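This report goes through a protein complex for a reader new to such descriptions. The text takes up confidence, then the chains in turn, then the contact between them.

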Amino acid sequence: MSMQPERNDDDLKALSAALHERFDPVVDEAVPERLSRAARPPLRRYALAAGWVAVGLAVGILAGWQIHGARIPAVAQQDPGAIARRAAIAHATYSPEVRHPVEVGADQEAHLVAWLSKRLGASIRAPHLDDVGYTLIGGRLLPPSDGNGRPVAQFMYQCKQGTRVTLYVRTDVRGNEETAFRYSSEGKVRVFYWIDRSHGYAISSADVGKDTLQSVATAVYKQLNP
Amino acid sequence: MVGNDQIQAVIPRLRRYARALTGERIAADDLVQDTLERAWRKLHLFRAGTDLRAWLFTVMHNVYVNQVRASKLRYSDDASIEELALREPDADGLVVRDLDRALLALPPDQREVVLLVALEDMSYEEAARTLEIPIGTVMSRLSRAREKLRGLMQGLPQGGHLRVVKT
């Protein structure tokens, strides 16, 4: 390779001037809204809200101590980590199934969603995750997490390579709490989970990395909170 | 802690580079959006106190390489571009179309180097860091790109007066 700096520098300067003249106007264009939005932290608004909920909860607990001198029972019932453990167990149980991974297939999606909504006592949806490479294969009903709770739903998704992720949905969370995304590693199963008032969500997989799982979780969150 | 404002401030530069890189408005903004989303996911890899703009260009480079590979084009393809018949420049200057066409005819790896150096005004060292390649590779890619663009550059007036052609 021969470098001829002096002669070439003129060429480069001319090219540089031409490129600036051609593309500098882009800098002055109005930035499209979708890009401004993408520049914001994905869960900032949500985290902020969760922060205030936490402050409110702390104030409530303090007030509870002072006024009644007793613990507020609802707090003890909220163990958000419990949802991650149950979701991981359900994932590990059903996702390896070859013949019966789901009770109702995605070919009957409307029926599946209506049935699960009825059994869970609240309207739920099966998010579509095709944009992040996962297709709904169906869902099933799971037993309640305790004797007083409602049944739970599990939706299963699969990518082209055959890896599966499951979405675990509870509608009986007490305490009206909200949390930001949380991550938990339950044995071989990775779980992102969050609580949104009475609904608890957990997205689990044993086969995909944390980053991929987080992008799936973000896609679920976006669809449930448009 | 990196703020939203600092990232917002870099968007116009990212858009300019992406536009030149992809040659198309929508594809360019898609590339910027993918870059911003990836940047938030990878933010823990950004070292505080270093240049955020340079880091975002590196993120964009990685996203771009993945896109090129997914599209089955070759990122680094030194096939001849002689079939690219550059028109003789018009008497009153080069037309914009020729610049766009010549850029897009370069293999993506060379196009990146040309744009980082000549449009983003990066030093060879900064370009090397951004693309995560040795500085010698930057120089050789630039040199090969210059060879290919020679015909184009000979037609460039020194002041770079381009004429926009309405088509």
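Predicted model: local features only at pLDDT ≥ 70, side-chain atom pairs only at ≥ 80, totals over all residues.

Residues are numbered from 1 along each chain as its sequence is written, and chains are lettered from A and ligands numbered from 1 in the order in which they are written.

The mean pLDDT of chain B is 79, and 73% of its residues reach 70 or more. Helices (H or I, at least four residues) and strands (E, at least two) are DSSP runs, numbered from the N terminus.

For chain A the average pLDDT is 80, and 79% of the residues score at least 70. Residues 1-6 of chain A have pLDDT below 50, and this stretch has three contacts in the model beyond near neighbours in sequence. Residues 64-77 of chain A stay under 50 as well, and the model has 10 contacts for them beyond four places in sequence. For the complex, the predictor gives an ipTM of 0.81 and a pTM of 0.49.

**Helices of chain B**

Two packed helices are described by the angle between their axes and the distance between the axes. Axes are lines fitted to C-alpha atoms, for helices over the stretch in contact, and angles run from 0 to 180 degrees between N-to-C directions.

| Helix pair | Angle | Axis distance |
|---|---|---|
| α1(B) and α2(B) | roughly 135° | within 8 Å |
| α1(B) and α5(B) | about 145° | 10 Å |
| α5(B) and α6(B) | roughly 135° | within 9 Å |

Helices α1 (residues 4-22) and α2 (residues 25-41) of chain B cross at roughly 135°, which makes α1(B) oblique to α2(B). Angles under 35 degrees count as roughly parallel, over 145 as roughly antiparallel, 65 to 115 as roughly perpendicular and the rest as oblique. The crossing of α1(B) and α2(B) is right-handed; a crossing is left-handed if the near helix is turned anticlockwise from the far one by less than a right angle, and right-handed if clockwise. On α1(B) the meeting residues include B:I7, B:I11 and B:L14, and on α2(B) they include B:L31, B:V32 and B:L36. By class, this contact of α1(B) with α2(B) has nine nonpolar, two polar and four charged residues. Ala, Val, Leu, Ile, Met, Phe, Trp, Tyr, Cys and Pro count as nonpolar, Asp, Glu, Lys and Arg as charged, and the others, Gly among them, as polar.

The crossing of α1(B) and α5(B) is right-handed. B:Y17, B:A20 and B:L21 of α1(B) make the contact with B:R111, B:E112 and B:L115 of α5(B). By class, the contact of α1(B) with α5(B) has four nonpolar, no polar and two charged residues.

Helix α5(B) also packs with α6(B): B:E112, B:V113, B:L116 and B:V117 meet B:Y124, B:A127, B:T130 and B:L131. The crossing of α5(B) and α6(B) is right-handed.

**The sheet of chain A**

In chain A, seven strands form an open antiparallel sheet in the order β1-β2-β3-β4-β7-β6-β5. Two strands pair if DSSP finds at least two bridges between them. The edge strands are β1 (104-105) and β5 (182-186) of chain A, each pairing on one side only. Two bridges join β1(A) to β2(A), and A:G105 has A:G138 of β2(A) as its bridge partner. Seven bridges join β2 (residues 135-142) and β3 (residues 152-158) of chain A. A:L142 stands opposite A:V152 in β3(A). Helix α6 (residues 109-120) of chain A packs on the sheet and touches β1, β2 and β3 of chain A.

**Between the chains**

How many residues of chain A are in contact with chain B? There are 30, and they contact 31 residues of chain B. The largest share of the side of chain A that touches chain B, 16 residues, comes from α1(A). By class, that side of chain A has 18 nonpolar, five polar and seven charged residues.

Terms used
Contact = placed C-beta atoms within 7 Å. pLDDT = per-residue confidence, 0-100.
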